[in-house]
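Hi everyone, thanks for making time.

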Amino acid sequence: TDTDTDADGDADADCDITGVTPIYDALHGAGNTVLGANPYADGGLSAVIAAAPEQGEDVEGEWVVTAATVVAVGYAPADTNPDNIWFADANGVVRTFRTDPGLVLKAGDQVSFTVTKLTQYFDTLEITGISDVVVASEGNQIWMLDGNNTTVNYAEHEQNIVYAWGEVISEDGECGTGYSCYTFNYGSNSQNLRILSSKGVIKGDCAQVAVPLGYFDGEQLGVDDLDWFDWID
């Protein structure tokens, strides 16, 4: 296995996942994550996705979602409402951005809600107005895309939660206040990894992630919560 000081410049062959606890087990508990198959029913997100405005535009309306599963929430202090949330159903994944749902949600919750405003920002559809959020059940299984055995691309997998392990092959500098970007190779894929600079990631690190596939000047695995990232020692 690699170490955090590896500078041999090769691909992820040295990044051995054998014996490492998958980060999704640490996040959601063993057996609560499904890799490689979307298990959700149609909960109404199709109308939300179809209503996406043009780049840089907003649209207001009323789109009722009857059953969507929370597949990820961004960092929030204990007992506070997360304002970055990823909802999934059979039609895909849609996220909120700095939008208070009015209650504390967690991954695995199945919820209903009404969307009142949508924004298209850098090729990302964002829910920026939400109301009437109700939790119907908790502890539902969460689907994650198996990144090491799938060709991952934004056109097909927008906002899907990608589980992947591989190697940081370059340090690409600052990308936003307090954040750094890196090139992360996993399986046959290579994407930009964005994470807090204070995490101390360096070239040659082996890591595993469970991260939504976003977009900002290119495909991006943005680590909104440090619990989504772990080194492979």
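**A walk through the chain**

Let's start with contacts, where contact means heavy atoms within 4.5 Å. If we take the contacts in the chain between residues at least 6 apart in sequence, 63% of them join residues at least 24 apart.

A quick word on where this comes from. It's a predicted model, where local features need pLDDT of at least 70, side-chain atom pairs count only at pLDDT 80 or more, and totals for chains, interfaces and linings use all residues. Residues are numbered from 1 along each chain as its sequence is written, and side-chain values use heavy atoms, with hydrogens and water left out.

Okay, the overall picture. The chain has three helices and 13 strands; those are DSSP runs, H or I of at least four residues for helices and E of at least two for strands, numbered from the N terminus. The C-alpha atoms fill a box of roughly 55 × 40 × 35 Å along the principal axes. How does the radius of gyration agree with a compact globule? For 233 residues such a globule would be near 17 Å, and the chain has 17 Å, so the two agree. That radius is taken over C-alpha atoms, and the globule rule is 2.2 Å times the number of residues to the power 0.38.

Of the 233 residues, 48% are buried. Buried means under 20% relative accessible area, exposed means over 50%, and partly exposed is in between, with a 1.4 Å probe and protein chains only.

What about the neighbours? On one hand there's β8, residues 161-174, which pairs with β9 in the antiparallel sense over five bridges; strands pair if DSSP finds at least two bridges between them. S170 has T183 in β9 as its bridge partner. These two strands make a hairpin with four residues between them, and G176 in the turn has a positive phi of about 105°.

On the other hand there's β10, residues 189-196, running antiparallel to β9 and joined to it by eight bridges. The partner of S180 in β10 is I195. This hairpin has two residues between β9 and β10, and its turn holds G187, with a positive phi of about 55°.

E60 sits in strand β2, residues 58-73, and counts as exposed because its relative accessibility is 63%. Leaving out residues up to four places away in sequence, E60 touches T116 and K117.

Finally, N160 lies in the loop between α3 (154-157) and β8. At 7% relative accessibility, N160 counts as buried. Not counting residues up to four places away in sequence, N160 touches V93, W143, V211, P212 and L213.
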